[in-house]
Amino acid sequence: MKKPIIYEEFIDVRFSDLDPYNHVNSNLYMEYVLTSRWIFAKKHFDLTADELVKKGIGFYIKQSLVKYKRPIIGYPKIFVTSHISKYEGPLLQISFEIRSEDKSILHSEGVIDAIAMDLNTIKPNPLPDWAERYFLTE
């Protein structure tokens, strides 16, 4: 049985991410999760979106659920973790948490249902075996 690779990355909150109440705008939480995954993939696997596109693999988000626990106030560094919690056919369910830099405060948690697709046919398609190594390990 393969185990999920835990993606972990620190993200800097930018001044422009804040709303008038000095909180991070809620629509940016998903951006933090996806950005952290690409940073981790580049850092640990030397994998970029361009490389996947050249190989004909893409993803789209079918749905997402974000549970807001505590607001992110100001522009601190945050710690984002995510992993594949379910993998069936083209579905990759990504569970995530967004925490304070010291990991003591849970700001948000949730799941993203992403669908892998063949960019040549623009149809859902399970990941090729070679691509699974970016998400799962023995």
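**View 1. Gln63 stands opposite Asp113 in S6.** This is a close-up of a predicted model. Strand S3 covers residues 57-68. S3 and S6 run antiparallel. Eleven bridges join S3 to S6.

**View 2. S5 and S6 form a hairpin.** Strand S5 spans residues 91-100, and strand S6 spans residues 106-118. The two strands pair in the antiparallel sense. Nine bridges link S5 with S6. Is Lys103 buried, partly exposed or exposed? Lys103 has a relative accessible area of 43%, so Lys103 is partly exposed.

**View 3. S6 and S7 form a hairpin with four residues between them.** Strand S7 consists of residues 123-124. S6 pairs with S7 in the antiparallel sense, over two bridges. Asp118 has Lys123 in S7 as its bridge partner. In the turn, Ile122 has a positive phi of about 55°.

**View 4. Asp46 lies in the loop between helix H1 and helix H2.** Helix H1 covers residues 29-45, and helix H2 covers residues 49-54. Phi of Asp46 is near 55°. That is a positive value in a residue other than glycine. How exposed is Asp46? The relative accessible area of Asp46 is 48%, so Asp46 is partly exposed. The cut-off for exposed is over 50%.

**View 5. The side chains of S2 alternate between two faces.** Strand S2 spans residues 7-12. Tyr7, Glu9 and Ile11 point to one face and are buried. Strand S4 spans residues 77-88. Tyr7 has Ser82 in S4 as its bridge partner.

**View 6. The largest nonpolar core has 33 residues.** Which residues have the most contacts inside this core? They are Val24, Tyr32, Ile72, Ile78, Ile98 and Phe135. S2, H1, S3, S4, S5 and S6 each give two or more residues to the core. H1 provides the largest share, six residues. Now focus on Ile72. Leaving out residues up to four places away in sequence, Ile72 touches Val13, Asn22, His23, Val24, Tyr29, Tyr32, Ile78, Ile98 and His107.

**View 7. The largest pocket holds about 340 Å³ of space.** Its lining has 20 residues. The closest to the pocket centre are Leu34, Arg37, Trp38, Phe59 and Phe135. Which elements supply at least two residues of the lining? They are H1, H2, S3, S5 and S6. S3 gives the most, with five residues. By type, the lining has 18 nonpolar residues, one polar and one charged. How can empty space be found? Rolling a probe the size of a water molecule over the atoms shows where space is left.

Conventions: Residues are numbered from 1 along each chain as its sequence is written. This is a predicted model: local features need pLDDT of at least 70, side-chain atom pairs count only at pLDDT 80 or more; totals for chains, interfaces and linings use all residues. Side-chain values use heavy atoms; hydrogens and water are left out. Buried means under 20% relative accessible area, exposed over 50%, partly exposed in between (1.4 Å probe, protein chains only). On a 1 Å grid over the protein atoms alone, a cavity is a set of points where a 1.4 Å probe fits but cannot get out, and a pocket is an open set with protein on both sides within 12 Å along at least five of seven lines; lining residues have an atom within 4 Å of a point. Grid points are joined across faces, edges and corners, and a volume is the space filled by probe spheres set on the points. Ala, Val, Leu, Ile, Met, Phe, Trp, Tyr, Cys and Pro count as nonpolar, Asp, Glu, Lys and Arg as charged, and the others, Gly among them, as polar. Two strands pair if DSSP finds at least two bridges between them. A nonpolar core is a set of buried Ala, Val, Leu, Ile, Met, Phe, Trp, Tyr and Cys residues joined through side-chain atoms within 4.5 Å. Contact means heavy atoms within 4.5 Å.
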